[in-house]
Amino acid sequence: MGCIRKLPVGPNKHSPVQFTTPIPKSPNIKKKTLPKQAEAKATTMAVSKGELVYKIYRALTYGLSPLLLLHLHWRRLRRMEHPLRWPERLGRPSLPRPSGQLLWFHAVSLGEGMAAIPVIKYCSRRRPDVNILMTTTTFSAFEVLNNKLPANVIYQFAPLDTPAAMNAFLGYWKPNAVVLMESELWPNLIMGASKCGIGLALLNARLSAKSFRNWSRPVLFPLISLLLSKFSLIAPLSSVQAIHFQLLQAPPFSINFCGDLKYAVDGYELLVKDVRRIEDLQKQLSQKRVWMAASIHPGEEEIMLGVHNLLMQTDPDIVTIIVPRHPQHGRDIAQELLKRGQNVTLRSQHEKLIPGTSIYVVDTLGELRQLYQLTPIAVVGGSFVPGLAGHNISEAAAAGCAVLTGHHVGHFSQMVREMQQLNPLSVMQVSGKLELKNTVRELFGDSKILESRQMAAKEAFHALSNSVVANAWNLLNFHFLRRVFL
């Protein structure tokens with residue numbers, strides 16, 4: 001693998017003062033240095049253990065590479081990988097590398113990729129001389145993000161974390177710096193980049209409770225400590241996340257806050273046909289009382305449909321928009337409703353709402369932000385069934401919806417807490433079908449309560465989103481970009 005030159009390290013105007021006058025010996029000095037020697041020895045042993053665990057991981061991923069390749073082909077046959085660009089997952093490029101310096105952003109999926117786009121655009125404006133490469137892992141992210149990135153940004157699928165794929169990727173693209181989003185802590189990526197002197201940053205850094213427990217185990221703890229030591233910047237989502245990273249021995253100087261990038265709801269231009277479709281749907285809904293259940297997971301559709309049926313008993317003008325997390329789930333819901341004899345409109349079929357149809361199922365990707373503009377009430381799913389971890393509520397708040405969500409919100413609990421601290425009316429957490437039905441009915445029945453919740457959500461969003469992208473850029477620039485991109 002062709003590695004770039006390591007960054008020079010040496011004293012500068014910010015370095016600590018260096019004393020040239022010999023310090024006289026003192027009986028106390030020996031006593032003070034003993035603990036330091038012991039600490040240095042312990043640190044060396046920890047690094048050695050981490051390197052040993054990494055060598056085992058590297059050997060395992062090397063040995064499992066043939067099976068991972070078969071799994072990749074299996075995913076391609078099931079349309080879970082791009083039919084033509086799947087070789088990019090093996091580190092094989094489909095585009096030429098432009099000359100000059102290159103900054104690599106990596107996000108696993110759609111949500112993390114959407115959070116990265118405002119930072120990418122900001123970086124592109126501030127440093128137009130730097131090439132930007134964006135990678136994601138999932139096909140669903142590609143389908144949406146490919147049309148939302150600036151034209152000058154190179155988009156590729158991320159390589160598997162195997163030695164061959166990662167070496168091929170780093171050897172071809174030769175990035176000067178890497179910005180990882182949220183929890184993308186892949187050992188071969190991080191160690192390979194570090195070996196080549198490539199700067200590393202982790203934005204919106206977070207670990208789920210399960211991941212934190214796993215990394216804290218005696219076997220994996222030396223490895224995560226080694227990986228985190230390679231980062232120049234770790235920007236955690238919250239103070240709790242910062243503590244988690246510190247407990248895993250991330251360097252204290254690398255941990256800095258910029259705010260949650262999920263608040264950076266970036267504006268982008270829609271295609272003319274998409275604008276017309278949204279406007280057409282808005283006209284169809286103009287005389288209806290609309291509420292939306294967004295980003296729902298399997299098991300939650302029964303709750304939402306149950307609420308819909310209860311509301312219909314007293315208000316026949318209700319229309320429920322259901323937006324599943326995955327499009328195929330939407331098609332499955334529509335088929336099940338048709339079997340029950342209920343009328344349903346499926347968005348991908350470009351069908352119009354006909355009299356007697358009160359359920360509109362969205363089985364497309366990339367339209368959620370525009371759909372929020374069509375409803376005064378948004379119920380954000382992924383939060384009503386144990387084991388789920390919530391979804392981004394800021395998009396609904398930005399659109400001026402009254403925001404409802406369940407109690408199983410995972411790391412989004414920080415976002416819920418922040419908005420509620422600014423205004424208790426901004427987000428309401430509810431439990432189960434009956435409470436959700438009563439809440440939606442109350443909002444439809446009292447326009448003043450509905451408007452106050454809509455306003456509270458929008459104001460809380462604007463207060464929290466202010467300057468978050470600029471803060472992220474300032475941290476990136478101060479901590480390592482200004483040293484990398486001279």
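Visitor: Which elements do the buried residues of α15 pack against?
Guide: This is a predicted model. Helix α15 covers residues 413-422, and its buried residues are Gln414, Met415, Val416, Glu418 and Met419. The elements they pack against are α14 (394-398), β13 (427-429) and α17 (447-465).

Visitor: What length does helix α2 reach from its first C-alpha to its last?
Guide: Helix α2 spans residues 65-77, which is 13 residues. At 1.5 Å a residue, 18 Å is expected, and the model comes close to that. From first C-alpha to last, α2 reaches 18 Å.

Visitor: Which residue just after α2 takes a positive phi?
Guide: Most residues other than glycine have a negative phi. Just after α2, a positive phi of about 65° is taken by Arg79.

Visitor: Where is Glu182, which has a positive phi although it is not a glycine?
Guide: The phi of Glu182 is about 65°. Glu182 counts as buried because its relative accessibility is 1%, and the cut-off is under 20%. Its place is the loop between β4 and α6.

Visitor: Is Gln249 buried or partly exposed?
Guide: Gln249 is not a glycine, yet its phi is positive, about 70°. The residue sits in the loop between α9 (239-247) and α10. Buried means under 20% relative accessible area and exposed over 50%. The value for Gln249 is 45%, so Gln249 is partly exposed.

Visitor: Which residues of the largest nonpolar core touch the most other members?
Guide: The core has 44 residues. Those touching the most other members are Leu103, Phe105, Val119, Met134, Leu203 and Leu476.

Visitor: How many residues are in the other core that lies apart from the largest one?
Guide: Val53, Leu170, Trp173 and Leu248 are among the members of that other core. The number of residues in it is 37.

Visitor: Which residues does Leu103 touch, not counting those up to four places away in sequence?
Guide: Leu103 is one of the residues that touch the most other members of the largest core. With the residues up to four places away left out, Leu103 touches Cys123, Val130, Asn131, Ile132, Leu133, Ala177, Val179, Leu481 and Phe485.

Visitor: Which side chain of opposite charge is nearest to Glu112?
Guide: Glu112 lies in helix α3, residues 110-126. Apart from neighbours within four places in sequence, Glu112 is in contact with Ala107, Met181, Glu182, Arg206 and Lys262. Glu112 is buried and has no salt bridge, because the rule asks for 4 Å and the nearest opposite charge is 4.2 Å away. That side chain belongs to Arg206.

Visitor: Which side chain is joined to that of Trp186 by a polar contact?
Guide: Trp186 is in the loop between β4 (177-181) and α6 (187-195). With 39% relative accessibility, Trp186 counts as partly exposed. Beyond its neighbours within four places in sequence, Trp186 is in contact with Tyr57 and Asp161. The polar contact is 3.0 Å, and the partner is Glu184.

Visitor: How many residues apart in sequence are Trp186 and Leu160?
Guide: In space, the C-alpha atoms of Trp186 and Leu160 are 9.4 Å apart. In sequence, the separation is 26 residues.

Visitor: Which residue forms a salt bridge with Lys352?
Guide: Side chains of opposite charge can pair when their charged atoms come close. The closest N and O atoms in the pair of Lys352 are 2.8 Å apart. Lys352 is in the loop between β9 (345-346) and β10 (359-361), while its partner is in helix α10 (residues 272-285), 72 residues away. That partner, partly exposed at 29% relative accessible area, is Asp280.

Visitor: Are Glu367 and Arg347 buried or exposed?
Guide: Their side chains meet in a salt bridge of 2.8 Å, N to O. The pair links distant parts of the chain, 20 residues apart: Glu367 in the loop between β10 and α13 (368-372), Arg347 in the loop between β9 and β10. Glu367 and Arg347 are buried.

Visitor: What is the distance between the closest N and O atoms of Glu336 and Arg340?
Guide: Glu336 counts as partly exposed at 36% relative accessibility, and Arg340 counts as partly exposed at 41%. The two form a salt bridge, with the closest N and O atoms at 3.5 Å.

Visitor: Which residues are linked in a network of salt bridges?
Guide: The count of salt bridges in the model comes to 13. The residues linked in a network are Arg75, Glu81 and Arg89.

Technical notes
Residues are numbered from 1 along each chain as its sequence is written. This is a predicted model: local features need pLDDT of at least 70, side-chain atom pairs count only at pLDDT 80 or more; totals for chains, interfaces and linings use all residues. Side-chain values use heavy atoms; hydrogens and water are left out. Helices (H or I, at least four residues) and strands (E, at least two) are DSSP runs, numbered from the N terminus. The expected span of a helix is 1.5 Å times one less than its number of residues. A nonpolar core is a set of buried Ala, Val, Leu, Ile, Met, Phe, Trp, Tyr and Cys residues joined through side-chain atoms within 4.5 Å. Buried means under 20% relative accessible area, exposed over 50%, partly exposed in between (1.4 Å probe, protein chains only). Contact means heavy atoms within 4.5 Å. A polar contact is a pair of N or O atoms within 3.5 Å; within protein, one must be able to donate a hydrogen and the other to accept it, and residues adjacent in sequence count only if both atoms are side-chain atoms. Lys and Arg count as positive and Asp and Glu as negative; His and the chain ends are not counted.
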